[in-house]
Amino acid sequence: MYTIKKRLGELLLESGIITEQQLQIALEEQQRTKKKLGDVLLAQGVLTEHQLIEVLEFQLGIPHVTLSRFQIDAKLSQVIPEQMARRYQVLPIRADGRKLMVAMADPLDLFVIDDLRMSTGFTIEPAIISRGELQRGIARLYGLQDSMNEMIKDLGTGIAQIDVEDSVILGEDSPVVRLVQQMIEQAVRLGASDIHVDPMDTQLAIRYRIDGQLRNERTVPKSMQGVIIARLKILGNLNIAERRLPQDGRIKMLVDGKPIDIRLSSLPTVHGEKIVMRLLDLAEGVKGLDKLGMTEPTLNLFQRMIEKQHGMVLLTGPTGSGKTTTLYSALQHLNREETNIITVEDPVEYMLDGVNQMQVHPAAGLTFARGLRSILRQDPNIIMVGEIRDLETAEIAIRASLTGHLVFSTLHTNDAVSTVVRLRDMGIEPYLIASSLIGIVAQRLVRCICPDCKTAYTPERQEMIYLERLGIGADKLYRGTGCGTCGKTGYRGRMAVHEALLISDDLRSAIVDGSSIPELRQMAKEQGMTTLFADGIQKALEGRTTLQEIIREVEEEER
């Protein structure tokens, strides 16, 4: 085994993928942890999984498979059961006589190959596959089909009337219980942020939002709609008999040993209740400030803002732009024994040790404004208000910032400068805005180029014209060609682009004088503010995202 690893290291050196120093560091780590050399190099970020696969394919003569080229027979799920496939991280691809092609992330694991041969009776032909594509393949092959077939058999073609005590939605061995569990588990394994269960005229659509894009995962017969939605409402502790009013709930469960928090929302539509679930991986925790994707100047500016003793810092951007994640990172950074931090949120997304978190409850009369008033009697140093939605909340937050408290909150505006005018339009006096504001950070989330299929290319004519109009010269840009790891999209994961505005004395005077958005924006640029669009373009030139993604996500008026 050691000689194989040594040859792998030598081949990586010969290919110019790693340096001698990187190899020695990895070998020392491998000796210490007893992990495979390839896994150590991947964990250290020295090479990508795509590069490793290419080297293994060349060295061992084992084929590399991408699932888009194979139509996997669903019957193969009976040859290698789901439990075995997940335990050994393998996926049956094709059977030819007594030969079975099996995709593996680690085709060097002879123990697994021998066990599969003895268990199945087939001669095993290993193939190399990326870990991400392997998870998607397992999820799709073993996912929902068996439970769906059982449900169709149990329910027939009619739409069942569901009772809260019905074993169909409560019994652990019930097909619908397994189906819903598998649906959520599959979404988590695919890295989805949301699950949409959409009732239609003749069917029920299940869609996952992955990297900000909704993808139709599958459709199920209309006859299953009632039991699936009832099961989800039971999990979310909602009233299954109430179908005319929207409801909100919460689910907590373990998926692959990781705690997952799910916010569930139901909405009555003409075709039945629509369910949307927001998935939060609690195991990931809160990111450090240096993991937010800010450039060094923006990060330094943000740290200066949040380390003030009093005043107000606002995060702005549309829903789903990562504002709350940034706020949590700021709170975690400031979370010390001598500091009393209290939040009022809707809802509380992550639990922070040492932080007093309160969730609003409008039905009981606990609004942001009322919660904020109560907080002020709790001797806080730092206050976080989930969102400024009305004049009353804005006024209390601003007055709190003027009386010795550091206040964080969010607003829905297009950019940092527009936030000043939004507060003014809400009815806040300009002198109060100028006196209270420390700074504003606007942000958007954009998709990252998949590192496994990232490639440089010469900008096309229209792109050259566009960049020249911006006064930017670039002889190359980057994009993803699409591979199995990223589901042929060319993108994997998301990052933020930022715009940080520190309120200077000149800007305070301009705010008091009632200056317009263009005038304030011009002043901000003159004092060195990097706009959202400029930050995005810089990250596109660095090869972290694409020019098309920046143009799509950052609106025209922000440029």
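**Helix packing and sheet order in the predicted model**

In helix H20 (residues 505-512), the buried residues are Leu507, Ala510 and Ile511; buried means under 20% relative accessible area, exposed over 50%, and partly exposed in between, with a 1.4 Å probe and protein chains only. Viewed down the axis of H20, these buried residues fall within an arc of 100°, so they line one face of the helix. The arc is that of the directions from the helix axis to the C-beta atoms. An α-helix has 3.6 residues a turn, so residues three or four places apart point the same way. The exposed residues Asp505 and Asp506 are carried on the face of H20 turned away from its buried side. Packing partners of the buried residues of H20 are helix H17 (416-426), helix H18 (430-436), strand S18 (491-502) and helix H21 (517-526), where contact means heavy atoms within 4.5 Å.

The structure is a predicted model, in which local features need pLDDT of at least 70, side-chain atom pairs count only at pLDDT 80 or more, and totals for chains, interfaces and linings use all residues. Residues are numbered from 1 along each chain as its sequence is written, and side-chain values use heavy atoms, with hydrogens and water left out. Helices (H or I, at least four residues) and strands (E, at least two) are DSSP runs numbered from the N terminus.

Six strands form an open sheet with antiparallel pairing, in the order S6-S5-S4-S9-S8-S7; two strands pair if DSSP finds at least two bridges between them. Strand S6 (213-221) and strand S7 (247-255) stand at the edges with a single partner strand each, so one side of each has no neighbour in the sheet. On average, neighbouring strands of this sheet are turned by 20° against each other, direction ignored.

Strand S4 (residues 194-199) and strand S5 (residues 203-210) run antiparallel and are joined by six bridges. A hairpin of three residues connects S4 to S5, and Pro199 has Leu204 in S5 as its bridge partner. Between S5 and S6, which also run antiparallel, there are eight bridges. Arg209 stands opposite Leu214 in S6. The hairpin of S5 and S6 has two residues between the strands, and Asp211 there takes a positive phi near 55°.

Helix H12 lies across S4, S5, S6, S7, strand S8 (258-269) and strand S9 (272-281), and runs at about 45° to S9. Axes are lines fitted to C-alpha atoms, for helices over the stretch in contact, and angles run from 0 to 180 degrees between N-to-C directions. Eight of the eleven residues of H12 (residues 225-235) are buried, so the helix is largely enclosed by the rest of the structure. Among the buried residues of H12 are Gln225, Arg231 and Lys233, together with Ile228 and Leu232. Asn237, which follows H12, has a positive phi near 60°.

The UniProt record (unreviewed entry) places the feature "domain: AAA+ ATPase" at residues 309-427; such annotations may be inferred rather than shown by experiment, and positions are given in the numbering used here, with feature names shortened. The span 309-427 is 37% helix and 21% strand, and its end C-alpha atoms lie 26 Å apart.
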